[in-house]
Amino acid sequence: MAMLEVKNLEVYYGVICALKGISFEVNQGEIVTLIGANGAGKTTTMQSVVGLIPKRGGSITFDGRDITKTPCHKIVHLGMTQVPEGRRIFQELTVYENLLMGAYSIKDKSGFKNDLDAIYTRFPRLHERKNQIAGTLSGGEQQMLAMGRAIMSHPKLLMLDEPSMGLSPLLVDQVFEIIKDINRDGTTVLLVEQNAGKSLAISDRAYVLENGSIVLSGTGAELAASEMVKKAYLGG
Amino acid sequence: MELFLSTLINGLSLGGIYAMIALGYTMVYGIAKMLNFAHGDIIMVGGYIIYVFMALNNPLLAIFMAVVGCVLLGILIEKVAYKPLRGASPLAVLITAIGVSYLLQSLAQIIFGSANKMVTVYDFGSVTILGVPMQVSALVTLGVTVVVMAALTLFIKYTRLGRAMIAVSEDKGAAQLMGINVNGIITITFAIGSALAALAGLFYLLKAPSISSTLGAMPGIKAFTAAVIGGIGSIPGAMLGGILLGMVECISYKITAIAPYTDAIEFSILIIILLVRPTGFLGKKRREKV
């Protein structure tokens, strides 16, 4: 059974239909990517799955549990954590306090120190700047912090919305390396990206989203080789 | 020297009361992004609860009941009047808050009548410090407000709940993604604000032992002014604004020539500060649209 199963998800903004009944699934241990252009409905998909925006129709099952109507803050406690688009770290808190907020859903505080050390090992820059106000970090550092903050909640499924947005090419490579790393450590990943080439290269499976519908799906390699994807998303 | 010292103590004490009320405005604004204009009337309700329970002649019980009653009332108002309007236009919420304010005042008038009620909570008497006679109640007020403000600051900065409040005030969506129950945090914020308002009601009764249904109206507006001067949404700002306004008010009352214009002077300061620094002293620039 799939870890995350989305069936016929429909989302409207007022009278405008943003998602026209999409279905996809993510299996334990996979990296799954949704690619698509601006306005295709990628962020809408991510936010409605995690319960941040209301759904018109469809159902979502996570870890064998129906979460269609579960509020966002409870979904997080079930093990689904999202790194939102634009990172949305807490600008006024320090790096350390942001990581502390990431562990908010963890009731047992005994592992906190270990988790924190693991984050600082994975992201040495965050360790150097642990007492700095997060709003003063560079874009790349903020992305690292957003990822570190999400990992602090021990997600079974980590969802990343455009993690490479606005980063230099060097940092983009680094972010994708880290995603592969996190996945290798046993966390299932659902990724949304405009950078189709890089994301398909690390994905087990992928879906193409266009105007609120899924138009194509397959393994990462299949989609990277598909004429349609090449033409529309890989620049020829 | 005598005048200076007594004005200083009275100013700080009055400023402390304004700061306590301003904290309620600013915390609710920071977290629920709304102006709760019924906040001042919670002070009045706290005063009346003290008045009712003073029939038993037990000040501590009366104060305790006032705090508990105001906390419950604050939570009730939020659940019944404001929660259904979450996501509605700010104007609708504002008008509702003004409506709740009139509702509370009218209810008080129906229950207790329009004549002032007299209630002496406790007579602390006066004391002479450095040759200056002073009301002990002013010193007690000052002491309690300092302790409460320090405790609140530590609570916000160092507890899990306090940090969750900062997170919600900064970004509700991101806070939810951390597993924070935003509605729960809003409820707690109203509860804390209302408890502070109940204490403010107590301090007003210590200053002058008389209560009417409009007890909270002017202090509410003054404290709102203090919150805006300090920078609405900012907790240290509310404290700073409250103390500043209290000092100005006391100094102005001491100068015979300008004493009748004290309120005008206070609100003029608000206007000037808003012209020079629209975000108040410690307010942040806001990027979001209202």
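This is a predicted model: local features need pLDDT of at least 70, side-chain atom pairs count only at pLDDT 80 or more; totals for chains, interfaces and linings use all residues.
View 1. Of the 236 residues of chain A, 54% are classed as buried. The C-alpha trace of this chain extends over about 45 × 40 × 35 Å along its principal axes. A compact globule of 236 residues would have a radius of gyration near 18 Å, and the 17 Å of chain A agrees with this.

**View 2. Fold and surface of chain A.** Chain A contains 10 helices and 10 strands. Among its contacts with a separation of 6 or more, 68% are between residues 24 or more positions apart. The chain exposes about 10,100 Å², and 51% of that area is supplied by carbon and sulfur atoms.

**View 3. The interface of chain A and chain B.** Here 24 residues of chain A are in contact with 19 residues of chain B. About 2,100 Å² is buried between the two chains, with carbon and sulfur atoms giving 61% of this area. A:His73, A:Phe90 and A:Tyr104 supply 32% of the area that chain A buries against chain B, more than any other three residues.

**View 4. Salt bridges between chain A and chain B.** Two salt bridges are found across the interface. A salt bridge joins the side chains of A:Arg88 and B:Asp171, with an N to O distance of 2.8 Å.

**View 5. A nonpolar surface patch on chain B.** The patch is formed by B:Met1, B:Phe4, B:Val127, B:Ile129 and B:Leu130, which together have about 540 Å² of accessible area. B:Ile129 lies in strand β2 of chain B, residues 126-129. B:Ile129 has a relative accessible area of 32%, so this residue is partly exposed.

How values were computed: Residues are numbered from 1 along each chain as its sequence is written. Chains are lettered from A and ligands numbered from 1 in the order in which they are written. Side-chain values use heavy atoms; hydrogens and water are left out. Patches are made of residues with over 30% relative accessible area and no salt bridge: like charges are joined within 9 Å, nonpolar side chains (Val, Leu, Ile, Met, Phe, Trp, Tyr) within 5 Å. Accessible areas come from the Shrake-Rupley method with a 1.4 Å probe; for residues, only the protein chains shown count as cover. A salt bridge is a side-chain nitrogen of Lys or Arg within 4 Å of a carboxyl oxygen of Asp or Glu. Helices (H or I, at least four residues) and strands (E, at least two) are DSSP runs, numbered from the N terminus. Buried means under 20% relative accessible area, exposed over 50%, partly exposed in between (1.4 Å probe, protein chains only). The radius of gyration is taken over C-alpha atoms; the globule rule is 2.2 Å times the number of residues to the power 0.38. Contact means heavy atoms within 4.5 Å. Buried area is the accessible area (1.4 Å probe) that two parts lose on being put together, summed over both.
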